[in-house]
Every structure is written in structure tokens, then in C-alpha cells.
Amino acid sequence: MTASIPSGTGKPVETALVLSGGNALGAYHGGVHEELEARGIRPGWVAGTSVGALTAAILAGNRPEHRQERLRQYWEEAAQASFWPIPTDDARLREFYSAAHIVNALAFGRPGIYRHRFPGALSALPWLPNDVALYDQAPLRRTLERLIDFDLLNRAETRLSFVCIDVETGEEVLFDNTQDRIDARHLLAAVALMPIFQPVEVDGRLLCDAGLGNNLPVDRVLEDPPERDMVCFASDLHSMRGDRPKRLNAAFQRTEDLVFSSQGRRNIAGLRREYALRDRYEPRGSRVTLVHVIYDAPELELAGKLFDFSPGSIRDRWAAGRRQMAKALDMLPKRPEPEGRFDYFAVAPEPAETARKHRGS
């Protein structure tokens, strides 16, 4: 049964959850979902890109009472072992802590997610065979088959959608469990960010991570008006907003955020235009509220944050996701009734001092 929440008019509305890509940043999605679950909100439709697709599949492929447990299990296994306490008060120590874990993740891989492949990076040497990726995701396949009930997922009790890109044509490819039978290959393709990971062939098409083109696929959920009013929660791992970089690391991190977050901004701008036209010709149609929660990574996470699987960073991202979603849910019933069929609001990223206050708590 699809869970619903009341709108400002008291009418129940459908709920959807869209999750962006961002590799190790995806722990933020766990906190977002934990807060939704704590409020009794269970989206009937989950969608995503990259790690957002994996998160959505874990949700759709488990009974509601086991979803949060499976998400926590995934991130507990992904977290690296630490041999020193997590720094909380010293920014420089925290940067060193994160940097050490990033180097470790790149040098040795992550058990249960990815490992080095041969020849991988060594294929650049003239006497070794060619290769197309640095890491092998075979461990992730075993992890997904252990954490996801694919029979349940494919019964589509919770709708699941995610996107990939066809490597040869550049076309976006949508998978949806109401139309396709999903297995681990589809999810491996969804997280195959070239050239870090090898693209995956599915039904004759070579597919890779859609973070290269559609990192926040809200358009795939909202392009057709829903049958009744809908609240769509979008959990975004990259922020359009940022400070002026004052050092090289910050410049790299800012570039990364702009590249990935700009895709969601374009999708949202397109939805605004489409619903404005619908509002003109069919004003009594269903209404959509898009609630956008955004992770604003602190500069101390470093430019390699996508590979920062340190326990401290995973814990902090999870906590940030829960705080941001709690803020969004507190704001939602206080918003005025929208004038048109499309209402959008974003929860402002946390100020740096707020993030520091909660770090380590």
C-alpha cells in the first residue's frame, strides 16, 4: 500500500523520493530516509542515479520494516576501519583524517564494493594489454544480491526507477520495475562511472553511470502529471551554492559540485516550464510539490570526498541528511497553498557553524 501524507488542504497525496548520485556521499540518503521513516512516510515511488539508484533498490527490494536496517548494513560495511579517534574540534586534523581514508580507498579498494582490476591503470604502460577501467565492481554484485530481495523488488510493490547512459549512443536509458525485470547487472551499470568503473552490457547495450548526464532524475518521476497530488522529495548530494574557493582543493571540490548539481537545476527549470504550460491549459489537474534537500559538503571533506568512506564522514553525512529532511518536513505544512500546479522549495544548506556543531554528536 502506498504511504501518503496530508497536503495543506488535508487531502492525502502520493509521495516519491528521488536520490542523486555521489558515491560515498550517499550516506546522506540514509539519513533522509531515516527521517521519512520516523515520520511514517513511506514513498510509493523511489528513483535515483548511481548510489541513489542503489539506495532506491535497497528500499524497493526489502520489506518496510527491514529497509533502514539494510541501508545501515550497507554503509557499515562500506565504512573503513579506523585506528584513531575521529577528530571533532581541529579542522586540520579532520582534513588529514579524511585524506588518509581517501588514499586508502583508492589504493586498496573497498571490500564489498570494488577492488583493483588488472591491468587497470597499468594498461597505460606500452607492454601491457589495454583496459577501460581502474576498478572491478564484482564485490558489489555479491553485496547487492545479499541485501536486496530481487523477487520482491520485481513485484513492484514499491515502484523503482533509475537511469543509465548508453556508452555508444549517449542516450539516457530508463529502467523501471513496473516494465523491466531488474537484476544486479542493471544496478552495476547504474554505478559504472567511467573510467573508474567498467561499463556493463545489458541486453546488448553497453551502459554506464548516468551521473554524467542526469544526476538528479526528478524529470523521470514528474514529466507526466501524477493521477493525484504528489509530494516528491529530492535528496541531492551536490550543492549549487558555495563559497569562493581560497585554495586548490576547494576549487576542485567546487568544480565537482557545479558539474553534478547543474544537471538537477536544469531538470527543475524544465519542470517549471512544463507545469506552467499545463497550468494554463488544464488548471484543475493534479498538483506537484517538489521538496529539495541538499547536502552542502564542508570544505574539510576535500576534493576526493566521493571516495571518503571514513566512519566519521559517513556518520556526519547520515546525520546531515536526517537534519535536513526534518527541517523540510517541519516547513512543508506551513507553506501557503500553491497558486499553480507546481510548487518548488529547497531547504537551504546548513551554515558551516551548524555543521561543525553537530559533527561528532
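In this predicted model, ring pairs join Tyr-114, Tyr-135, Phe-197 and Phe-307 into a cluster. A search of the whole structure returns eight aromatic pairs. One of them is formed by Tyr-74 and Trp-75, whose ring centres lie 5.2 Å apart with 85° between the planes, an edge-to-face arrangement. Tyr-74 counts as buried at 7% relative accessibility, and Trp-75 is buried as well, with a relative accessible area of 4%. For Tyr-135 and Phe-197, the centres are 6.2 Å apart and the planes meet at 50°, so this pair is tilted. Tyr-135 belongs to strand E5 (residues 135-136), whereas Phe-197 sits in the loop between helix H7 (184-190) and strand E8 (200-202); the pair therefore ties together parts that are 62 residues apart in sequence. Both partners are buried: Tyr-135 has a relative accessible area of 6%, and Phe-197 has a relative accessibility of 5%.

Spanning residues 91-108, H4 has 18 residues and reaches 26 Å from its first C-alpha to its last, close to the 26 Å expected at 1.5 Å a residue. Its buried residues are Arg-94, Glu-95, Tyr-97, Ser-98, His-101, Ile-102 and Ala-105. Viewed down the axis of H4, these buried residues fall within an arc of 160°, so they line one face of the helix. In general, an α-helix has 3.6 residues a turn, so residues three or four places apart point the same way. The face of H4 turned away from the buried side carries the exposed residues Arg-92, Phe-96, Val-103 and Phe-108. Helix H10 is included in what covers the buried residues of H4. Just after H4, Gly-109 adopts a positive phi of about 75°.

What surrounds His-101, leaving aside its neighbours within four places in sequence? This residue of helix H4 is in contact with Gln-80, Ala-81, Ser-82, Trp-84, Phe-307, Asp-308, Ser-310 and Pro-311. His-101 has a relative accessible area of 5%, and because buried means under 20%, it is counted as buried.

Turning to charged pairs, the whole structure contains 34 salt bridges. Arg-39 pairs with Asp-330, with the closest N and O atoms at 3.1 Å. This pair links distant parts of the chain, 291 residues apart: Arg-39 lies in the loop between helix H1 (27-38) and strand E3 (45-48), and Asp-330 in helix H10 (residues 311-331). Are these two partners buried or partly exposed? Arg-39 counts as partly exposed at 37% relative accessibility, and Asp-330 likewise at 40%. Arg-39 and Asp-330 also belong to a network of salt bridges that includes Glu-34, Glu-35, Arg-72 and Arg-322.

Another bridge connects Glu-172 with Arg-220, the closest N and O atoms being 2.9 Å apart. Glu-172 is in strand E7 (residues 172-176) and Arg-220 in helix H8 (residues 218-222), so the pair ties together parts 48 residues apart in sequence. Glu-172 is partly exposed at 30% relative accessibility, as is Arg-220 at 22%.

Strand E7 also has a strand partner. Five bridges join E7 to strand E6 (residues 159-166), and the two run antiparallel. Within this pairing, Phe-162 stands opposite Phe-175 in E7. The hairpin of E6 and E7 has five residues between the strands, and there Gly-170 takes a positive phi near 80°.

A further glycine, Gly-211, is found in the loop between strand E9 (205-209) and H8. Gly-211 is buried, with a relative accessible area of 3%. Leaving aside neighbours within four places in sequence, Gly-211 is in contact with Thr-49, Phe-260 and Gln-263.

Technical notes: Residues are numbered from 1 along each chain as its sequence is written. This is a predicted model: local features need pLDDT of at least 70, side-chain atom pairs count only at pLDDT 80 or more; totals for chains, interfaces and linings use all residues. Side-chain values use heavy atoms; hydrogens and water are left out. A salt bridge is a side-chain nitrogen of Lys or Arg within 4 Å of a carboxyl oxygen of Asp or Glu. Helices (H or I, at least four residues) and strands (E, at least two) are DSSP runs, numbered from the N terminus. Buried means under 20% relative accessible area, exposed over 50%, partly exposed in between (1.4 Å probe, protein chains only). The expected span of a helix is 1.5 Å times one less than its number of residues. The arc is that of the directions from the helix axis to the C-beta atoms. Contact means heavy atoms within 4.5 Å. Two strands pair if DSSP finds at least two bridges between them. Rings of Phe, Tyr and Trp (its six-membered ring) pair if their centres lie within 6.5 Å; planes under 30 degrees apart count as stacked, over 60 as edge-to-face and the rest as tilted.
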